[in-house]
Amino acid sequence: MDIELVRGDITEQNVDAVVNAANSSLLGGGGVDGAIHRRGGPSILEECRRIRERSGPLPTGRVVSTTAGDLPARWVIHTVGPVHSTTEDRTHLLTSCYVESLRLADELGARTVAFPAVSAGVYGWPLDDAARVAVAAVREAGTATSDVTTCRFVLFDEPAYVAFDRAL
Ligand code: AR6
């Protein structure tokens with residue numbers, strides 16, 4: 001699996017699946033989540049609502065997929081990153097976001113997947129560590145049986161890009 005880094009907006013990526021840094025409610029929010037719902041249109045939220053009614057809140061580290069609505073991608077994979085903690089090591093949950101997203105992408109038949117820096121915004125994860133965890137997780141998941149050929153990290157600003165570049 002190729003790992004790519006680009007600086008840009010995840011809603012503009014021409015990939016099969018984009019990963020959303022959502023929250024457990026699945027009902028939208030700010031950051032990447034807000035951008036995906038804004039650009040993707042109401043069909044994403046409608047599907048999120050149905051999933052929410054059927055299965056309840058999405059636990060941290062888990063994933064679900066929906067349509068990508070008006071985005072260039074075919075699917076949105078929603079995952080819930082852990083809020084960073086200084087007293088508890090939640091690395092396994094952040095790792096799970098990436099590993100489970102790639103597993104679901106594989107299941108859907110997605111070949112190309114774009115990730116934001118999950119948990120590195122509102123959820124407060126220090127950028128360098130978030131980048132290290134992300135890169136290690138996709139490297140490990142990529143050596144498994146994944147049919148995903150390309151994993152693209154889409155970094156919104158220069159500090160995030162630099163952190164991921166260093167981690168790679
Ligand atoms: N494309 C790529 N990256 C982006 C974009 C974009 N359009 N917009 C922001 N980022 P965040 P979290 C970067 O806060 O920390 C939401 O309210 C951003 O600069 O979106 O996992 C959810 O509903 C940062 O580097 O996600 C949750 O409540 C990274 O994406 C909560 O925020 C992640 O920032 C999740 O917080």
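At 3% relative accessibility, leucine 26 counts as buried (buried means under 20% relative accessible area, exposed over 50%, and partly exposed in between, with a 1.4 Å probe and protein chains only). Leucine 26 sits in the loop between β2 and α1. Its phi is near 60°, a positive value in a residue other than glycine. The model is predicted: local features need pLDDT of at least 70, side-chain atom pairs count only at pLDDT 80 or more, and totals for chains, interfaces and linings use all residues. Residues are numbered from 1 along each chain as its sequence is written, and side-chain values use heavy atoms, with hydrogens and water left out.

Serine 119 also has a positive phi, of about 75°, although it is not a glycine. Serine 119 lies in the loop between β5 and α4. It is buried, with a relative accessible area of 5%. Most residues other than glycine have a negative phi.

Helices (H or I, at least four residues) and strands (E, at least two) are DSSP runs, numbered from the N terminus. Six strands form an open sheet in the order β1-β6-β5-β2-β4-β3, with mixed pairing; two strands pair if DSSP finds at least two bridges between them. β1 (2-7) and β3 stand at the edges, each with a single partner strand, so one side of each is left without a neighbour in the sheet. The twist averages 25° from one strand to the next. Angles run from 0 to 180 degrees between N-to-C directions, and axes are lines fitted to C-alpha atoms, for helices over the stretch in contact. α2 packs on the sheet, touching β3 and β4, and its direction makes about 135° with that of β3. Contact means heavy atoms within 4.5 Å. α5 lies across β1 and β6, running at about 160° to β1.

The pairing can be followed strand by strand. β2 and β4 are parallel, over six bridges. Valine 18 has valine 76 as its bridge partner in β4. β3 (residues 63-67) pairs with β4 in the antiparallel sense over five bridges. Here serine 65 is partnered by isoleucine 77 of β4. Two bridges link β2 and β5 in the parallel sense, and valine 18 stands opposite alanine 114 in β5. β5 and β6 run parallel and are joined by four bridges. Phenylalanine 115 stands opposite phenylalanine 153 in β6.

β4 is mostly covered, with six of its six residues buried. Trp75, Ile77 and Thr79 point one way from the strand, and Val76, His78 and Val80 the other way. In β5, Thr112 and Ala114 point one way and Val113 and Phe115 the other, and all are buried.

Histidine 78 belongs to β4 (residues 75-80). At 1% relative accessibility, histidine 78 counts as buried. Its side chain makes a polar contact of 2.9 Å with the side chain of threonine 66. A polar contact is a pair of N or O atoms within 3.5 Å; within protein, one must be able to donate a hydrogen and the other to accept it, and residues adjacent in sequence count only if both atoms are side-chain atoms. Leaving aside neighbours within four places in sequence, the contacts of histidine 78 include Asn20, Leu26, His37, Ile44, Cys48 and Arg62.

The largest nonpolar core has 32 residues, of which Tyr98, Val113, Phe115, Phe153 and Phe164 touch the most other members. A nonpolar core is a set of buried Ala, Val, Leu, Ile, Met, Phe, Trp, Tyr and Cys residues joined through side-chain atoms within 4.5 Å. At least two residues of this core come from each of β2 (17-22), β4, α3 (91-108), β5 (112-115), α4 (127-142), β6 (150-155) and α5 (158-167). α4 gives the most, with eight residues. Not counting residues up to four places away in sequence, phenylalanine 164 touches Leu5, Ala117, Ala130, Ala131, Ala134, Val135, Phe153 and Leu155. A second, separate core of 17 residues includes Ile10, Val18, Val64 and Val80.

The axes of α1 (residues 31-40) and α2 (residues 42-55) come within 6 Å and cross at roughly 115°. Ile36, His37 and Gly40 in α1 meet Pro42, Ser43, Ile44, Leu45 and Cys48 in α2. The residues of this contact divide into five nonpolar, three polar and no charged. Ala, Val, Leu, Ile, Met, Phe, Trp, Tyr, Cys and Pro count as nonpolar, Asp, Glu, Lys and Arg as charged, and the others, Gly among them, as polar.
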